[in-house]
Amino acid sequence: MDWDRVDRRHMLALLAGGATASGAYLFSGSPEPATTDSLGDEESRRLAEAHAPTLYYGVHEQWPATDPREYESERDGNTVVDGFDALDGYSADARETEYPHPTVFYNAVDYPDSPLVCVQFWVYSTFDQFSTNFHWHDWEVLHVFVDRSGADTSPRTESSTADGTDQSTSTETGEPVLFVASAHSRKVPNNEHLDPDVERASIISEVGSHSSTLGVNARPTTFQRTAVDGLAPDISNDPVAVISGEASLPLAYGLPRDEGLTLPYAVPEYEGKRLPMHDRLPNVRPEDLIPDELTVDTYDALASPPKSIPKREGEIAFVPDVQAEAAVDADARYELVEIEAIRHIDDFTGPQLSFSFTVPEFVEDAVSGHITTVGVPWDQPRFQNPETDISDPQHRAALADRYEPIEAGGDVSRILGAVREATGADEAPGKNGVSLLAPSIETVALLKSEPEAVPSFSGVITLENPEKGDHQLTVNGAGMAPYSEHLTHEGGTTRAGVEGAIPMSANEDAVKVRGETAEGTALASVALDDDFAGTVYDGRPPSDDSRFGIYAHRDGAYTAEIRDEAGGRGALRVNPTPDDETIDLSGIETGKVALTEFLLQFLVETRLQVAAIRDDENIDSVPTGQNIDEGTVAEVVAAAEENAGGLVDGVDDAVADLLGEENEDDNGNGNGNLGGGVAGIVRAVDAAVLVAVGTRAAARDGRGDDADRRLETLRTRLSNVDDAVEGEGMPGKLAGFVTGRTERIRPRIDAAIEAELDAES
């Protein structure tokens, strides 16, 4: 099957079934679930009333907390809540009353022989519409872990709620020690806060998906990942350096649309029709889904990431009915109901939905449980063992240190990375380099081996609990060309991309680089190195044994480095033009000869561009990269011989051979004055070109020691180029351009010296 062309709609038609996204977070050491028990009705109620959260929704929310019992029915002797019935019934009810049947369900769990208990607040919505998935029904949960060891009956006299309401109740229910608010699935880290200063959390719900983040500081309606404007962070998740060597970020899903990035939503379909058009949904209208201004129809047809999608707006407050006298300005008061009241429901059902956009390389699989329905809460491990939903290892270790029933475990297992958006580099002359910036849009990621799409947050991609072994990771965003690589996960943290950085480009700026190795050369990995940004790809692209395809920004000037399974290395220049959509590299070889070919081509390209700057011509008008043929090489070598032949000795035979001329006496002695200014730089580059001609000839002739000696000479000539650049009055862009080139050439000289001479040479 051609996976590259499979879209979500077609794949979901091929696959059936699904599992709920309700497994536990996995830690090294495989900690055993704790022994737990149920609390009595009266004590459970006291806990629930003391810690029931305020829920904050955005103004575009269509499905806030409600009661599934309103939409249940009997089917084949079972009580079910059918997806069509729930969505259609709620849409009809919402036209009669603004917030139909607001309800939150609670469940309390005891950890015997310890003062620890957990009260859970389960929130049901009839539908979930988001960027990476949507499904009938939705359950989100807040776990409040409470320490009852200091419980007494003395009254509280100070405000202790995140929403600022006066809470002069007793502390007989104990003190919260950890809040855990559920994110999208067990594939992204939850939003957590250890030892909060408030007794009652606020939950800020993500529009459409209802992913829950915490509001525990003085501004409970907005999310702060870190301390800002005098506000404490809303989470205490451990900071992690996502990209090696860069600043750390508290690793929790958070609330992307409240943190400044664009997050476009998808539009759900069933049987090829958008849901409002389906005859089983007579009461559902287009305006009953997420508003059009938040959605996109396609990912791949957009030229660039959308900029007009609004950020999060509004703060619709749902307050528990037990706070009837609270000062908070509530838009709705929800009923607090023990979850036992709905345990007669056997299932939450609904057929598999599809997406209305194609995502190249993405494949939705049957194990992606949140694509279908969510099942019942009481069948999930976290219902009876809330500690399995703690995603931060430091938080779990803290509870384990305090409470004997909890086992700490070790580190989490995850694949981690952060998207960086490629753009033309201001410091590069013409279209000859890129810069990597923070992204303007959130993206989605998928492991083909465990296909459950997950969204990014603040540009960060983390996939928790992947199996050990080989995986194919694909990342995509609206209006962006996809990124994909094969990687091996051995447990702990595996950084994707280039030490955690995942460069991506807007569709309108992307060019696909396709390569095929020479016969008998098995591909192991590919690196793409830009002259200004450095390495923008380094891994195993999706491919067979000899072919690959990766996307790059068309403003870049790249060295593509190929590694074969025998350890051999080869390199090619790739310098896209404005008209290129695809660049095909065929017959890629590895070894000493291939690398000396590359060095000559690279220096020819550099000479052409430096001469263009000298002559005040457009640097992008000369042949570069894959467009340099042997005729161009011959022209440059002829000009180099005329300009710098007296500076280089021992290359006349090779130059004459290349130019098809009779060799004359070698007049070069290796000495001479380069001269100053741009002309001196051109002369220094010309001398390096001539040395590269001799180096390639030696390698082709099988004279390995001679080739290595000439490679060392070439290294010296590059130092001469750098010295020429340091002269006074040199244009800044020229200096940066030339030194960037010499920096990129030197490692390939090292590789060529280390490379074995090809057997057939």
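**Strand pairing, helix packing and confidence in a predicted model**

Strand β30 pairs with strand β33 (residues 558-564) in the antiparallel sense over 7 bridges. Strands (E, at least two residues) and helices (H or I, at least four) are DSSP runs, numbered from the N terminus, and two strands pair if DSSP finds at least two bridges between them. The structure is a predicted model, in which local features need pLDDT of at least 70 and side-chain atom pairs count only at pLDDT 80 or more, while totals for chains, interfaces and linings use all residues. Residues are numbered from 1 along each chain as its sequence is written, and side-chain values use heavy atoms, with hydrogens and water left out.

Of the 8 residues of β30 (residues 523-530), 7 are buried, so the strand is largely enclosed by the rest of the structure. Buried means under 20% relative accessible area, exposed over 50%, and partly exposed in between (1.4 Å probe, protein chains only).

Gly40 is partly exposed, with a relative accessible area of 41%. This residue lies in the loop between β1 (37-38) and α2 (41-51). Gly40 and Asp110 are 70 residues apart along the chain, and their C-alpha atoms are separated by 9.6 Å.

Helix α6 (residues 592-614) packs against helix α11 (residues 732-754) at an angle of about 170 degrees, with the axes 10 Å apart. Axes are lines fitted to C-alpha atoms, for helices over the stretch in contact, and angles run from 0 to 180 degrees between N-to-C directions. The angle makes α6 roughly antiparallel to α11, a label for angles over 145 degrees. The residues of this contact (heavy atoms within 4.5 Å) divide into 15 nonpolar, 2 polar and 5 charged. Ala, Val, Leu, Ile, Met, Phe, Trp, Tyr, Cys and Pro count as nonpolar, Asp, Glu, Lys and Arg as charged, and the others, Gly among them, as polar.

The chain has a mean pLDDT (the predictor's confidence in each residue, from 0 to 100) of 86, and 87% of its residues reach 70 or more. Where pLDDT is low, the predicted coordinates should not be read in detail.

Key. Parallel < 35°, antiparallel > 145°, perpendicular 65-115°, else oblique.
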